[in-house]
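Hello,

Here is the structure I promised to pass on. Please open it next to this email and follow along.

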Amino acid sequence: MKRVLYTGSFDPITKGHMNIISQASELFDEVIVAVLQNSKKVDSFFTIEERVQLMKKIYKNKKNIKIIMGSGAAVDLAFQYECKAIIRGLRGITDFDYEIQMAGINKEISNHQINTICLFADPNQQYISSSMVKEIFSLRKSICKYVDPIIEEAMKQKNSRF
């Protein structure tokens with residue numbers, strides 16, 4: 001079985017992320033999507049547990065997509081779940097600069113056992129980021145073009161509690 005790992009904070013998961021997951025699920029037997037806490041971002045909209053539950057709802061009927069909560073190094077998760085590679089999504093040149101550095105580091109710390117495979121989101125979704133979605137949402141503008149209806153509803157519900 002060819003299994004790959006796709007990691008991210010997914011706060012929230014966007015249609016751009018979903019496009020990458022969809023592409024990976026067509027190329028590989030199984031995609032392990034690991035929801036991680038981004039240590040650089042202190043203000044999360046959803047808790048990591050909420051993100052995992054929402055994503056499990058979105059992918060409940062997709063047998064070859066598994067959502068997990070992860071921590072630590074991506075290569076350690078890749079070994080743990082017997083993944084052949086780590087999937088990364090690219091939106092533009094700034095993503096490429098960062099991802100090429102991470103690919104090299106991950107290859108090195110995995111003793112050259114884990115490769116990184118970069119996929120490009122469809123052009124109409126390359127500009128979408130979780131940060132942008134949160135910004136648009138905070139301005140009380142529609143986010144339906146950028147996220148799944150499950151996420152949009154969860155954001156509205158969570159926002160109404162505060």
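This is a predicted model: local features need pLDDT of at least 70, side-chain atom pairs count only at pLDDT 80 or more; totals for chains, interfaces and linings use all residues.

Residues are numbered from 1 along each chain as its sequence is written, and side-chain values use heavy atoms, with hydrogens and water left out.

Look for strand β2, residues 30-35 (strands are DSSP E runs of at least two residues, helices H or I runs of at least four, numbered from the N terminus). In β2, 6 of 6 residues are buried (under 20% relative accessible area, with a 1.4 Å probe and protein chains only; exposed is over 50%, and partly exposed lies in between). E30, I32 and A34 point one way, and V31, V33 and V35 the other. In a regular strand, side chains alternate between the two faces of the sheet.

What does β2 pair with? Strand β1 (residues 3-8) runs parallel to β2 over 6 bridges (pairing takes at least two DSSP bridges), and Y6 has V33 as its bridge partner. From β1 the chain passes through helix α1 (residues 15-27) to β2, a right-handed β-α-β crossover (clockwise from the first strand over the helix to the second, with the strands pointing away from the viewer). β2 is also joined by 5 bridges to the parallel strand β3 (residues 65-69), where M69 stands opposite V35.

Finally, find I100 in helix α4 (residues 93-109). I100 counts as partly exposed because its relative accessibility is 49%.

Enjoy exploring!
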